[in-house]
Amino acid sequence: MDTMRERFAAVGSRLLDEDPRLAVVLADIGLDGFAEAARRHPERVVNVGIREQLLVGVGGGLALTGLRPVLHTFASFLVERPFEQLKLDFGHQGTGGVLVSAGASYDWPSGGFTHMAPGDVALLDTLDDWTVHVPGHPDEAEMLLRKAAAAGDDKVYVRLSVQVNAAPRPVDGAGFHTAREGRRGVVVAVGPMLDNVLAATEGLDVTVLYATTVRPFDGRALRAAAGAAGSSDVVLVEPYLAGTSAREAGDALADRPHRVLGLGVGRRELRRYGQLDEHLAAHGLDPRGLRGRIAGFLGG
């Protein structure tokens with residue numbers, strides 16, 4: 001199976017052929033994947049080098065000319081380092097574009113904390129009107145990338161990851177989907193966390209919702225699932241900063257008694273490199289860690 005980043009390069013290259021409005025802006029990262037596309041469309045594949053603020057500034061400028069820019073690099077360099085440019089060159093200017101990240105929260109542990117971005121979605125939450133997609137499989141990434149590219153002048157963030165689920169699920173880029181039904185609470189599994197959540201909740205009488213589009217947050221689906229389950233106890237399992245969507249879930253259930261537990265990446269920096277699976281376990285996001293915390297919260 002190809003990776004999400006490999007799928008992005010293939011799909012992005014085809015989209016450049018199909019849509020003359022599309023432009024791809026790179027900061028060295030991912031350049032090889034777009035080499036052939038750059039030969040075919042040299043005016044719409046731009047590499048600015050390792051200059052991430054410029055990456056966003058160029059994307060914003062292209063958007064002002066009427067193009068649909070797609071910007072790509074590590075999440076820490078795409079959202080955190082050039083945050084002011086995102087705020088001004090897209091938000092303040094009223095333009096749109098597509099951010100496609102790599103690295104997720106800690107996909108490349110040996111790269112160190114400079115290449116980790118568990119706070120990226122929470123940071124985008126401080127800005128207006130960003131759609132955020134978090135696919136859990138390369139097939140889902142392709143569908144969401146195509147949807148993002150065609151989304152008029154909207155601002156869209158597509159968060160790619162090395163961690164994937166074993167099989168794709170039908171996703172539409174709009175709301176949450178039911179992966180399992182139960183009566184003792186609702187667990188929302190975001191993107192690549194689905195397989196671990198399903199393993200962790202095996203035998204528990206809980207509903208599992210699968211979320212690949214987390215902004216806008218599908219409060220209607222959460223309310224419906226809680227109503228059908230007869231319980232407004234909700235666990236959010238997100239592959240980024242723990243509690244990122246807790247306010248969204250609380251708002252969705254504001255008119256009824258509810259409890260929300262946010263599970264995700266902890267705030268404390270892990271100062272050992274390790275491997276991806278070791279980071280998941282250290283943050284309690286492996287099946288064993290999730291099982292204990294979900295069952296303890298829901299009384300399973």
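Student: Hey, is the crossing where α1 passes α7 right-handed or left-handed?
Tutor: In this predicted model, α1 passes α7 in a right-handed crossing. The axes of the two helices come within 9 Å and cross at roughly 35°.

Student: Which residues in α1 meet α7?
Tutor: Met4, Arg7, Phe8, Val11, Arg14, Leu15 and Glu18 do. Their partners in α7 include Pro138, Ala141, Leu145 and Arg146. By class, this contact has eight nonpolar, six charged and no polar residues.

Student: And which residues of α7 are buried?
Tutor: Pro138, Glu140, Ala141, Glu142, Leu144, Leu145, Ala148 and Ala149 are buried.

Student: What span should α7 have?
Tutor: Helix α7 has 12 residues, and at 1.5 Å a residue they should span 16 Å. Its end C-alpha atoms are 16 Å apart, which agrees.

Student: Switching to the sheet: what order do the strands come in?
Tutor: The order is β2-β1-β3-β4-β6-β5-β10, seven strands in an open sheet with mixed pairing. β2 and β10 stand at the edges with a single partner strand each, so one side of each has no neighbour in the sheet. On average, neighbouring strands are turned by 20° against each other, direction ignored.

Student: How many bridges join β5 to β10?
Tutor: Two bridges join them, and these strands run antiparallel. Histidine 133 stands opposite threonine 213 in β10.

Student: Last one: which strands does helix α3 lie across?
Tutor: Helix α3, residues 52-64, lies across β1 and β3. It runs at about 170° to β3.

How values were computed:
Residues are numbered from 1 along each chain as its sequence is written. This is a predicted model: local features need pLDDT of at least 70, side-chain atom pairs count only at pLDDT 80 or more; totals for chains, interfaces and linings use all residues. Side-chain values use heavy atoms; hydrogens and water are left out. Two strands pair if DSSP finds at least two bridges between them. Helices (H or I, at least four residues) and strands (E, at least two) are DSSP runs, numbered from the N terminus. Axes are lines fitted to C-alpha atoms, for helices over the stretch in contact, and angles run from 0 to 180 degrees between N-to-C directions. Contact means heavy atoms within 4.5 Å. The expected span of a helix is 1.5 Å times one less than its number of residues. Buried means under 20% relative accessible area, exposed over 50%, partly exposed in between (1.4 Å probe, protein chains only). A crossing is left-handed if the near helix is turned anticlockwise from the far one by less than a right angle, and right-handed if clockwise. Ala, Val, Leu, Ile, Met, Phe, Trp, Tyr, Cys and Pro count as nonpolar, Asp, Glu, Lys and Arg as charged, and the others, Gly among them, as polar.
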